[in-house]
Amino acid sequence: MFKSLTNEKKIITVNLFQRYLNFVREESSYKKDQNHLWCFEDIPGPKSYPVIGTLYKYLPYLGDYDAEALDNVALLNWRRYGGLVKEVPGVRLLHVYEPELIEAVFRQKERYPARRSHVAMLHYRLSKPEIYNTGGLLSTNGSEWGRIRSSFQKNFSSPQNAKQYVYDVDNIARKFVKWVKECRTSCNEDFLPYLNRLNLEVIGVIAFNERFDSFSPNEQDQESRSSKIIKSAFGSNSGIMKLDKGLLWRYFKTPLYRKLAESQEYLEKISMDILLKRIHFYDKEKDDDDKSLLASFLQLPNVDFKDIIGVMVDILMAAIDTTSYTTSFALYHLARNPDNQNKLFEELFSLMPEKDAEVTSDILSKAVYLRSCVKESLRLNPVAIGVGRVLQDNVILKGYLIPKDTVVVMQNMVASRLPQYVRDPLRFNPERWIRNSDNFENIHPFLSLPFGFGPRSCIARRLAEQNVSISLIRLIREFKIEWMGGDLGVQTLLINKPDKPISLSFTSRNM
Ligand code: HEM
């Protein structure tokens, strides 16, 4: 059409087009000058199409995203677009990589910080009002979340409360080490299933005063109670992220939704069995020795059994995989870095010259090197690639106006591995966290946040850190460990699962 115009008309058309471009440019700079702000659409990010947004990026052949390697996707986007990346996969999404900006998001004064996750699980639980009042801590937002969080918080989080479990957890860890010594025949076997069993036992005692007897020969069967709890916890967690992105389950029960529902149903049944057992027991006699979380929940004035069931299922879902993956990665880094492992052993040897000595809260508080090993391992391999929040007000980040209701993903895992924030970032170097060490680094406090931040952070942080520490103390005090596999990466299934078996060899220490 342009070809058929006379030269004069062509010149007029080009001029008009040029004037239109100038007008658009002036308009956008006017927009910035007027408000001193850019709008959300101006943030760099992958191309988005009507209706599907950026979801095409997950399609085979068409897209370059791998839903189970979201850490790589996040790194790719940071390289392409920088420290703030916009996406529109059905919802308005913003990825934030710079620690100063992460801090700015977390410092919003929100009474009830909100996350957009576990949407299908929320739907499932709300469809069973005879069992649940809410979607539980993980999926509920707003004042209902505030009510359950403030009711259950104290029993979970107080340092005093965590200390009272040291003795019981240490006893379980000791038996575990004995069991590892007796039963591990092949070093090619994956150690993760063993850690899952250990952490089920640990949370069983802390949360419910319940022994699952996970290491007995009967319980090794795939159909046993402990095997099915571990499978259901994983079955719940592993589908959450895909269901959060999907829509079909809202209209009919997709196979993934059914798997989530079946897994939740099993955890529900176990929680109910335990709850009824405790209630009947307390009906007959008072048990002053029961210091489990459940015993304290039953004393709470403003919660009912349905609230308690919701939190019990949350605990079974949230405690096993997270703690086992964290311990796995810590063992991996220590096994691959014998110098660091030796330093840790020396610290433990000086704190516990007799290896059969009891682990106490005093030993835990003095184990500085151990703490820095856990911190460093969580910097490199946090359980979550980042933490999400739904903005409840407009926020300004780097001159952009980010509207209320935007879902913000703080990309802590990728940021924690960038050289501008951490020296030699891919090296496992626990000393960088130790103040009086030559290698100490002043790392931004919002860079590595493995338990999240603020009122919505992990409710069980103290317990989780304590449990991982006790397991590591027992294993490293008893064995010299070596890594038998290749590089270990992550499979991002809501939480970061090791992408290969945990291949360790254990040699008993004679000291
Ligand atoms: C090393 C182990 C663990 C890690 C790294 C971890 C990490 C996290 C993270 C990152 C969050 C989200 C925080 C946020 O949004 O700011 C979270 C939430 C949560 N965690 Fe953990 N967690 C661990 C162990 C546990 C354990 C053992 C339990 C239960 C006994 C637990 C129960 C929960 C619950 C219920 C929430 C939701 C809290 C809420 O939304 O109010 N976690 N955890």
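Q: What is the strand order of the open sheet of three strands, and what kind of pairing does the sheet have?
A: In this predicted model, the strands of the open sheet follow the order β1-β6-β5, and their pairing is mixed. The edge strands, each pairing on one side only, are β1 (38–39) and β5 (395–397).

Q: How many bridges join β1 to strand β6, and which residue of β6 is the bridge partner of Trp38?
A: Strand β6 covers residues 400–402 and runs parallel to β1, with two bridges joining them. Trp38 has Tyr400 in β6 as its bridge partner.

Q: Where is Val85 placed, and does Val85 count as buried or exposed?
A: A residue is called buried if 20 or more other C-beta atoms lie within 10 Å of its own. Val85, which belongs to strand β2 (residues 84–87), counts as buried because it has 22 C-beta neighbours inside 10 Å.

Q: Which residues does Val85 touch, not counting residues up to four places away in sequence?
A: With that exclusion, Val85 touches Pro44, Gly45, Asn77, Trp78 and His95. As for Ile443, it lies 358 residues from Val85 in sequence and 23 Å from it in space, C-alpha to C-alpha.

Q: Which residues come nearest to the ligand, and which element gives the most to the shell around it?
A: There are 27 residues around the ligand, and Ala318, Ala319, Gly452, Cys458 and Ala460 come nearest. Two or more shell residues are given by each of α5 (136–139), α13 (305–336) and α18 (461–478). The most come from α13, with seven residues.

Q: How do the residues of the shell divide into nonpolar, polar and charged?
A: The shell around the ligand holds 18 nonpolar, five polar and four charged residues.

Terms used
Residues are numbered from 1 along each chain as its sequence is written. This is a predicted model: local features need pLDDT of at least 70, side-chain atom pairs count only at pLDDT 80 or more; totals for chains, interfaces and linings use all residues. A residue is near a molecule or strand if its C-beta atom, placed from the backbone, lies within 6 Å of it. Helices (H or I, at least four residues) and strands (E, at least two) are DSSP runs, numbered from the N terminus. Ala, Val, Leu, Ile, Met, Phe, Trp, Tyr, Cys and Pro count as nonpolar, Asp, Glu, Lys and Arg as charged, and the others, Gly among them, as polar. A residue is buried if 20 or more other C-beta atoms lie within 10 Å of its own, exposed if 12 or fewer, and partly exposed in between; C-beta atoms are placed from the backbone. Two residues are in contact if their C-beta atoms, placed from the backbone, lie within 7 Å. Two strands pair if DSSP finds at least two bridges between them.
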